[in-house]
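The following exercises concern the contacts between and within the chains of one structure. Please work through each task before reading its solution.

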There are 4 protein chains.
Amino acid sequence: MSFELRHECGLFGVVGHPEASRLTYHGLKWLQHRGQESAGIAAVNNGAINVRAEMGLVHEVFNAGSLAELPGETAIGHVRYSTTGASCQKNAQPLVLPTKFGPVAIALNGNIVNAPELKEELSAAGAIFATTTDTEILVHLIHRSCQRKFADALVEALQQLEGAYCFLLLTQEALWAIRDPAGYRPLALAQLGLCEVLASESVAFHHPQIRAKYEREVAPGEILKIARAGQESLFPFPKQPVRECSFEHIYFARPNYGVFSQGAAKTRMAIGGRLWEEAPVEGGVIVPVPDSGIFAAMGYAQAGNLPLAFGLTRDHFTGRTFISPKQVSREQGVDQKLCAVPEIVAGQEVVLIDDSIVRGTTSRKIVGIVRAAGASRVHLRISSPPFCSPCFFGVDTPRREELIAANNGVEQIRDYVGADTLAYLSLAGLENVLTNQAGGEHRHCTSCFSGQYFTAAALIEERMK
Amino acid sequence: MSFELRHECGLFGVVGHPEASRLTYHGLKWLQHRGQESAGIAAVNNGAINVRAEMGLVHEVFNAGSLAELPGETAIGHVRYSTTGASCQKNAQPLVLPTKFGPVAIALNGNIVNAPELKEELSAAGAIFATTTDTEILVHLIHRSCQRKFADALVEALQQLEGAYCFLLLTQEALWAIRDPAGYRPLALAQLGLCEVLASESVAFHHPQIRAKYEREVAPGEILKIARAGQESLFPFPKQPVRECSFEHIYFARPNYGVFSQGAAKTRMAIGGRLWEEAPVEGGVIVPVPDSGIFAAMGYAQAGNLPLAFGLTRDHFTGRTFISPKQVSREQGVDQKLCAVPEIVAGQEVVLIDDSIVRGTTSRKIVGIVRAAGASRVHLRISSPPFCSPCFFGVDTPRREELIAANNGVEQIRDYVGADTLAYLSLAGLENVLTNQAGGEHRHCTSCFSGQYFTAAALIEERMK
Amino acid sequence: MSFELRHECGLFGVVGHPEASRLTYHGLKWLQHRGQESAGIAAVNNGAINVRAEMGLVHEVFNAGSLAELPGETAIGHVRYSTTGASCQKNAQPLVLPTKFGPVAIALNGNIVNAPELKEELSAAGAIFATTTDTEILVHLIHRSCQRKFADALVEALQQLEGAYCFLLLTQEALWAIRDPAGYRPLALAQLGLCEVLASESVAFHHPQIRAKYEREVAPGEILKIARAGQESLFPFPKQPVRECSFEHIYFARPNYGVFSQGAAKTRMAIGGRLWEEAPVEGGVIVPVPDSGIFAAMGYAQAGNLPLAFGLTRDHFTGRTFISPKQVSREQGVDQKLCAVPEIVAGQEVVLIDDSIVRGTTSRKIVGIVRAAGASRVHLRISSPPFCSPCFFGVDTPRREELIAANNGVEQIRDYVGADTLAYLSLAGLENVLTNQAGGEHRHCTSCFSGQYFTAAALIEERMK
Amino acid sequence: MSFELRHECGLFGVVGHPEASRLTYHGLKWLQHRGQESAGIAAVNNGAINVRAEMGLVHEVFNAGSLAELPGETAIGHVRYSTTGASCQKNAQPLVLPTKFGPVAIALNGNIVNAPELKEELSAAGAIFATTTDTEILVHLIHRSCQRKFADALVEALQQLEGAYCFLLLTQEALWAIRDPAGYRPLALAQLGLCEVLASESVAFHHPQIRAKYEREVAPGEILKIARAGQESLFPFPKQPVRECSFEHIYFARPNYGVFSQGAAKTRMAIGGRLWEEAPVEGGVIVPVPDSGIFAAMGYAQAGNLPLAFGLTRDHFTGRTFISPKQVSREQGVDQKLCAVPEIVAGQEVVLIDDSIVRGTTSRKIVGIVRAAGASRVHLRISSPPFCSPCFFGVDTPRREELIAANNGVEQIRDYVGADTLAYLSLAGLENVLTNQAGGEHRHCTSCFSGQYFTAAALIEERMK
């Protein structure tokens, strides 16, 4: 699944640092796993907002020269994999647009479920959209608000959105960090001397060129305004259950510092341990699918007191398989990236640990690679429940009919991928682990496993027809 | 050390395939770890040799268009990290030079110890060198030979070389694969239908776009001529002890299929097991330095029945730290590439497993990263003996005075890198493992650990003064 | 002046040709002199509009590959030098924007005088502008129109514009060619078999890869809809005097086929002849400033029966001096581009013929070059009246205070540029020639010479304060 | 012919200036017409020679950054169109090669007729050539000389060359400027304060960033050594008749300051005058083929007291037609570059003045363009004799069988190109003009018109078989 599901986007922001764009550059580099299509930074300088946002990796889009053209003490940055909107230059973020409140730079991690409806309404009222992103909608709503103050217009605009989102906005006077009331996507705050730093994942705070001190998560439903003069928080939304994306824990977040104030490594190990309890294999070698299965495999191996063995290696010279939005077969890519270690898998009962199965084609390839290297049997263990329903909250997933678990039972899937045995973590098992990690609180979104949506449910139902 | 020692070069060759250059491209991609500075392919077509060799990674230098300009059924390819010769366009290989036998394409993995002397002699006799590589020397010697036949001239030329080398040569009639009589560097042969394929490491044979069948190693001292008409082997050198590079086993080779007919994964695990025996740490978590320490760590953990834990992760978006020959501090790079997992190392006795310590600066950074993430104690275990003497046989090593182990005892090194304890594998231990893996035969070069050189010893002594 | 005034923009369009974008590419190449900053083509294919518009010359932006991504039988193209709007990627045209009538591609040659007012109104009504071009305004007006039909909305929108414009629009059903009611900017129509072709200058019809047959000018105030089904013309504007840009005749248009149905070569020669009558120099060599003074110099030399001599040559390897919008001094450029021929000018009374003086700095350099090559005296003759007032109708001119003729008499200018004598064509003389060429009709705009504006005069007066 | 014959190469050198490479850059820009394939600069700094030589125009190959990597007070530069040697990166000059005298940088304008023989001899004696240029030969001969001193080795080497050449060489101690004893190719010397400057054409001395004072031509057969300490001239060759290339006068040299101490504009005008005397056309318009026919047309028009008229214009946005060595039809290029002015040629007796006819295909196209624009009759006048024999002295000409005048009489050529009348300048006429210009001395090579070769005649005869 690590080869098939895409991170949605990554955000980074700085307030009050003389080299705001350079810090943002470094932060984005450590969020690069969240989006490899385009990268961008916008910075405020003397009331003007400069921006550079282009197709490419962070280190391809920026260099010393281009950062020098982004002076100023406040900046926001974005890495992107398109969840909606075509993959092209004009959709690269941050977007900078003129409004009646002055220029606004904006970057989004998430998915506005009612975007088509809002766009239609806005268009009927005269709006023209320069991009095909969801991001632009918020700016139009702000600009059209009758409110006199930016903060009021922002609140009014946000109240019209349904979906999952973290926004970073830059106005001439402040940086605005916003998290939707269900808190689907992560956003954390840190301090660096007198500056404030924001990032999708707290690992970015620990970049050696940054070293900011983690402070807290931006809260679900919080609108956090950070200006020179100080911070201010608004909570304009009615209280509602929190639904943090469980896939951030399972796969997306870098394991080092995690998201939603939880470390991902420990969670993945606990998931692996639970997976062993639910679906043990006695006497095999535990082989993680790199890199997504590593920590679950550690937990599985420890629970079963079995040897963890690197029977698959990954070629790291061309980056992720799925980087290219061009028409390259995903399966071919897996082939060229993963390679078995015959000495470890030959003649063995191999227990492959991966994080998910999406279409099944990748898993089928991987099982084939291991078998070709001489494994006597291949047991596939998946550290999440069957992925049977698309995500509408910021993860780029195939349509339901392409999800193998939407239409097939476990036995059929096992047959298709060619494993000798196949087992998934149960949904109850996942929820149990996540709830434990969160100190007993159930606050996770598991819609992709359950098919039950709690936000914009009516719209989603219609979309899936 | 994985951050400080460079793979020297990689070779790939094909005889008799209609898409020889495309196959070479794929083969080079799986040898990319052996050289990231330049990449090149030369192919024979109707008696002409076309070539493209440029600075950059394989996928940067070649695309469908440039491969189409390299038609023909026989090709050789090269990836390079400069061991000698400046890092620049003109030194990119294969070189193609005109000789009295017609054009010759040539690519080298290795190091000619008496290159300066040969160049001086040749220059005095009228030769002018177009590059600063060792590679060019062989062509000059061939061209100046009084022999009438290419094969004889080649033998005569090779007999003047002292050092470590695998050569691939392309003439209008054949591909020539050559390994020095001590067999310092690896070169393997495989079959693909009626074609022959050659590669520095047999992993390249298993690329999904190639799938050639491993046949054998080119033997030490063998000159293997492969033409349409068939193969022919010459063994013109006096028999001498074999000295296969032990560092190929310890670190350089991809673990999947190894080199010198040995799988590297098993060897590294055995080394790790031996390291445990020699220098156990009771009760810690075993953390490999990725990716170089992984298999030794597996062996160490299994021997000690301790948990193997991924307490360090590596960012893979910008390739290897040492790719850039420009003046970027290596240490900064390690910082930005490696990141600790606090949940795994905090409060723990961490046993870091790495393959070597070269200057000490990298290890010092890594120990610092782990400590900063909260490790209570850091035990550094190195899966090779102290690296105290430069390599003259194809590995790019610093000068002796920069090698921390050349001038410091283990305790001093421990103090410098900031570990609580430090232990190396003993030389006897390494030799024992390698000899076992080789079926009881001692056939390894360990000069970098012992300081004793068996080839061109007098010259080397002089160089080191 | 040829080094100081910029062509404003060039338009090309094709309806009904299977290779519409390739034809547009060739047409734009012969309109390249009208704009070297950016180039773009949009083409309709099965109801979708594809576009490529980037910074660079036509042959830099397009190649066989990029043209292949613009299939379809109807296309419009644009080359640009920014008259308004910053010089940047996002302002490159054609723009493609979604409207309630479907996607619209649009390209403009001209200048909307009331653009700031319209933008402010539109913005107050909720519009957000993606670019800083005038071009975008028309699309917003169309989209906001209450009219049901595109044609009606277009008319309604155009009626709100004040200024000088030729627009090419592409909708899913047709290409729309529009010329403002005063006809400031040129646009011509030609036939190519069953196809229709449009171009700013008819020279583009004669490109060897096009060879379309000139039909007529799009008339001032005409909205010409060309669809597969046929053509249709609307004339929704009240009749008003025609004001064709006289600078197109004096300098902008390529001399070969001219604009506004007039050949430019003959007009320039007639102007030169008139200049001789008004300001003869007896006994000198007539030296044109290449390339802008050539045809006026021919006329001047013929009228005076004096030798036309190429005493200045121009280096053509780096394109026009003013191409680069970066901060390169214009004067330095003239130096490096123009070079005198001492054998022709040394010891001579040199009569330099140029088309205009803008700031004076360029003329000063040129006089200096000729003098340094040994001219005994330098007589500067300008084939237009003093340029004393900015253009608001599509030519990129400096602000009034930078125009040397706005604040200085002829004698002061002569002194500044360092000529021995200086004379301009009189305004009466120019009008006389142009009127003659137009068959006795006075239909030219000469606002830049007279300071009198007939369109949007109140707005312009305010702008100039 | 301007579209079919290529300038051979351009040289520029500087001794003793703190910004030697920057000056060389500017000088090469004004010699760009002599070669557009590759550009290069080498500079000596503290005994080391740095070089950059790549495919592309001068301003494409160099920028502030790359010039900064070429420090030092002495530099040579080269622009190239390949006369021999494939068009590729490795043949770009200056070449820098190691010799027993230290590194030598070398650049050539010319053609070594006995290059194949020398290469064969050298190769038989052990030499290997890194490039396919003639240039490299001299370095091999120097390196192999038994002479102890560089100057002696250089003389010995040069004495073995037959052909036409100007060399600039850079050693650690001096710059060496060399002109072959017949003086086929031009090379001039100038002073800039205490520095010496060299250039193929003296126009380069007048670049506004250089402004060096013309001193003299390097003499035929002179070896001029310029070091910090002073200059020294050797004349080691036996005296022989001077044979300066007449085509430099006719077409190659920029008209501004000429070559061989003659101004080219005056010579071309004189040629045009002579052409009128030999082949007048009464009553037509004189239309030069731009830019090559301009000055001859001036002379022709003045002699005949006929109007000089710009009936053909040239598009200057993509540089010279023949820049690209790729397979673009030359004829198509002419089409897209030249455009007639109907107002000037329609209904007229047009006298087209061009400098030469090579294959005839270009002239045929040009006649067609003029005729299509309505000329009633087209009279083609060529300002040189029939070009009937290839050049072996530095001009890139087709093989004899491709030269239309080698196999056809004037009437046949006229018929082929489609002109109503055709006349060439007579050989006697050309020689008369050139001799007059040279103060009565006959010192020109006219081999391409006469078929008689005076240097290496035997070899050339063999080549032409």
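**Exercise 1.** How many residues does the contact take from chain B and from chain A?

*Solution.* The model is a predicted one, in which local features need pLDDT of at least 70 and side-chain atom pairs count only at pLDDT 80 or more, while totals for chains, interfaces and linings use all residues. Residues are numbered from 1 along each chain as its sequence is written, chains are lettered from A and ligands numbered from 1 in the order in which they are written, and side-chain values use heavy atoms, with hydrogens and water left out.

Step 1. Contact means heavy atoms within 4.5 Å. By this rule, chain B gives 48 residues and chain A gives 48 residues.

Step 2. Sort the residues by class: Ala, Val, Leu, Ile, Met, Phe, Trp, Tyr, Cys and Pro count as nonpolar, Asp, Glu, Lys and Arg as charged, and the others, Gly among them, as polar.

Step 3. Count the pairs in polar contact (N or O atoms within 3.5 Å; within protein, one must be able to donate a hydrogen and the other to accept it, and residues adjacent in sequence count only if both atoms are side-chain atoms). Between chain B and chain A there are 14 such residue pairs, both residues being at pLDDT 80 or more. The side of chain B that touches chain A holds 23 nonpolar, 16 polar and 9 charged residues.

**Exercise 2.** What area do chain B and chain A bury between them?

*Solution.* Step 1. Buried area is the accessible area (1.4 Å probe) that two parts lose on being put together, summed over both. For chain B and chain A the value is about 3700 Å², with 63% of it on carbon and sulfur atoms.

Step 1. Within chain B, the residues that lose the most area to chain A are B:Phe317, B:Gln336 and B:Glu343, which together account for 19% of what that side buries.

Step 2. Look for salt bridges (a side-chain nitrogen of Lys or Arg within 4 Å of a carboxyl oxygen of Asp or Glu). The interface of chain B and chain A contains 2 of them. B:Arg211 forms a salt bridge with A:Asp335, and their closest N and O atoms are 3.8 Å apart.

**Exercise 3.** Where do the domains of chain A lie, and how many residues does each give to their contact?

*Solution.* Step 1. The bounds come from an automatic or database domain assignment. In chain A it gives domain 1 (10–240) and domain 2 (265–464). The contact takes 20 residues from domain 1 of chain A and 15 residues from domain 2 of chain A.

Step 1. The centres of domain 1 and domain 2 of chain A, taken over C-alpha atoms, are separated by 32 Å.

Step 2. Domain 1 and domain 2 of chain A bury about 1500 Å² between them, 56% of it on carbon and sulfur atoms. On the side of domain 1 of chain A, A:Gln36, A:Val113 and A:Tyr184 lose the most area to domain 2 of chain A, together 36% of what that side buries.

Step 3. Between domain 1 and domain 2 of chain A the count is 1 salt bridge. The side chains of A:Glu117 and A:Arg463 meet in a salt bridge, at 3.0 Å from N to O.
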